[in-house]
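Me: I've got a fold open on my screen and want to know where the labels come from. Can you take me through it?

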Amino acid sequence: MDKYLAFSRFHTAEQAAELISLLQANQIPVQYEEEVVLMDKVYVGQNFDQRHLVKIPASHFASADALLKNQITVSPEEVEPDYYLLSFSTKELKDVIANKDEWGHFDYALATKLLEKQGISYSAAQLEELGRSRLETLAKPKDLPMVWVVIGFLSPVISFVPLPFFYIAALLGFYIAGFVLLTKKTLPDGSRVRAFSAKTRNRGRWMLLSNIILTALCWLAFLEMTDAI
């Protein structure tokens, strides 16, 4: 059975419900999920302002995408005059086409029409190349910012800092290590790739090992200090 992956993100549950109804009407398996934000979006390259997820099996991504394209008919003349896309420059409209995954299907279709009015059109081969280039960009793994690397390695010493819930903060290194080792991201074509680079994942392995050792040493030192009092 295929694993359900995030196909589209929305700002509200109502927006997600519209897509869910369409997919269900066309016999595409679908699930809804409201995402819980645990770390800043910069680490996984996703926009967590849109937390309402519509998830479908990876094998249905292509058919769902084609379905949405066929459902949308756009006429720039019928769009509200204050719709934000109408004020976009030519370069900004081209960015919408190149970064399709960051925009809704309606905005993508409208950008295409607005460019056509300017005499700019894309062939099927050009769109395929843009899509392939975008996938390559999105597939590139990220490095964890150095500040989080330092925090991850040194978190066990928080055991000696008299702060509220210090014992939870002292385990932060385990969480960061697990996060970089296990996190994957879903690409627009439904494939899954590692979110972090091999260098970062290697640091995550050393972080996990050092946290095990440091945590044991810190608690042994803490118990000795307690017995001495």
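Here are some questions about the labels, each with a reply.

Reply: Before you start, this is a predicted model, where local features need pLDDT of at least 70, side-chain atom pairs count only at pLDDT 80 or more, and totals for chains, interfaces and linings use all residues. Numbering starts from 1 along each chain as its sequence is written, and side-chain values use heavy atoms, with hydrogens and water left out.

Me: Why is strand β3 called largely enclosed by the rest of the structure?

Reply: Buried means under 20% relative accessible area, exposed over 50%, and partly exposed in between (1.4 Å probe, protein chains only). Six of the six residues of β3 (residues 52-57) are buried, so the strand is largely enclosed. Strands here are DSSP runs of E, at least two residues, and helices are runs of H or I, at least four, numbered from the N terminus.

Me: Then what makes Gln27 count as exposed?

Reply: Its relative accessibility is 65%, so Gln27 counts as exposed. Gln27 sits in the loop between α1 (13-25) and β2, and has a positive phi of about 60 degrees although it is not a glycine.

Me: How do you know that β1 and β3 pair?

Reply: Two strands pair if DSSP finds at least two bridges between them. Six bridges join β1 (residues 4-10) to β3, and the two run antiparallel. Ala6 stands opposite Lys55, and Tyr4 is opposite Pro57. With β2 (residues 31-34), β3 has four bridges, again antiparallel; there, Glu33 faces Leu53.

Me: What makes β1 and β2 the edge strands?

Reply: The open sheet of three strands has the order β1-β3-β2. Each of β1 and β2 pairs on one side only, and that makes them the edges.

Me: How do you know that α1 packs on the sheet?

Reply: Contact means heavy atoms within 4.5 Å, and α1 touches β1, β2 and β3. Its direction makes about 20 degrees with that of β3. Axes are lines fitted to C-alpha atoms, for helices over the stretch in contact, and angles run from 0 to 180 degrees between N-to-C directions.
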